[in-house]
Amino acid sequence: ASQGHLSRFLAFGLGLSVTAVEGDMKLTTRAQHIDQQLLQELGKLERRPNKKQPPQPPLQTRGPHHIAGHLDPTSPGDQFLLPPKPLGLTPNPPNPLGGPGGSLGGEKLLLLGLHACGDLSPALLQHFAHSPAVLGVVSVACCHMKLSSRWESVGNRGGYPLSSGVASLPGHQLSYRAREGACHALEQYRGRLATGSSALRAHCYRAVLETLIREAAPKLRHPGVQTVKRAHGLSFRQYAQLGLPRVGLDPATIPLSSQAVEAMLEQQHKVVAFFSLTLLLAPLVETLILLDRLLYLREQGFQCGLVPLFDPRFSPRNLVLVAARTPLGAVLAGLE
């Protein structure tokens, strides 16, 4: 749920009963603070009538119920929620679904994951499949590189593949590099190439930094450097000084101005060409991942569909997986 922006809109804007789940206690606390700020603003508006506008219906004042906890993808059902990370003395948070038999209060539920990262997306689908109280699920996935794979997991369990159909295909395995490439924005990158944007420099910076990290710490794989803001406006030295501490390396111990570094920075055109080829294959990889989830739900007997809900230039993760225990024809027709 992050800071609860979608949850807040569903609760205050549409009057729905919403439980928002977030694994980071700090973000949960922040979301609750924003809720209180919104309630204060709503109170001011109600006490300050606008004579120029006709009377408006009363605004909803019931906000979302925030829970700090994370999902265990390997244990759908009773263990829907586990304590927030890092683990401490915090007990298990209450399970909004109440286990496989139904929700806590007997209500019927819709499970929604907006930009559900890595294994969180398949976990939501598995909880839907095993929890009769959940009538439907809406899933917008992201961070495919964080998916666990069935062929690498203990007990042959993982977030990909989910369906028996894809699991039976020869060569269905997807490397980390393929899954990572599927997370990028083809439409936005096309615009950068067309204009020769200076933002293209950031890809070369990241490639050089990756090389330096591997030389300094060969056992460090897929380091989470994350995005350095306005990287293309920095010198490489400035960029590296911000990125190296994020993986536990001291910039002072790594040569950042050597001839070798300068030679790599001159290869920016090759990095851009390689990245462009990667992006050409990205839609194919993402389609395989999403179709695997759709097939999994259909194998379980559910109605489901994939809907391109908005312009990918606005957000590259624009494909929404919708599934329900009842026919979806009218709903999907309305979305299209």
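Over residues 1–23 the chain is 39% helix and 17% strand, and the end C-alpha atoms lie 8 Å apart; helices (H or I, at least four residues) and strands (E, at least two) are DSSP runs, numbered from the N terminus. The model is predicted, so local features need pLDDT of at least 70 and side-chain atom pairs count only at pLDDT 80 or more, while totals for chains, interfaces and linings use all residues. Residues are numbered from 1 along each chain as its sequence is written, and side-chain values use heavy atoms, with hydrogens and water left out.

- Leaving aside residues up to four places away in sequence, Leu244 touches Leu209, Ile213, Leu249, Pro251, Ile254 and Leu256, where contact means heavy atoms within 4.5 Å.

**Aromatic pairs and a charge over a ring**

- Six aromatic pairs are counted, a pair being rings of Phe, Tyr and Trp (its six-membered ring) with centres within 6.5 Å, and planes under 30 degrees apart counting as stacked, over 60 as edge-to-face and the rest as tilted.
- The rings of Tyr189 and Phe275 have centres 4.9 Å apart and planes at 65 degrees, so this pair is edge-to-face; Tyr189 in helix α6 (residues 186–195) and Phe275 in helix α10 (residues 268–299) are 86 residues apart.
- Tyr189 and Phe275 are buried, that is, under 20% relative accessible area, with exposed meaning over 50% and partly exposed in between (1.4 Å probe, protein chains only).
- The rings of Tyr205 and Tyr239 have centres 5.4 Å apart and planes at 40 degrees, so this pair is tilted, and ring pairs link Tyr205, Phe236 and Tyr239 into a cluster.
- The charged end of Arg325 sits over the ring of Phe128, 4.9 Å from its centre (NZ of Lys or CZ of Arg within 6 Å of the ring centre and within 35 degrees of the ring normal).

**Cysteines**

- The count of disulfides (cysteine sulfur atoms within 2.5 Å) is zero, and for Cys117 the nearest cysteine sulfur, that of Cys143, is 3.4 Å away.
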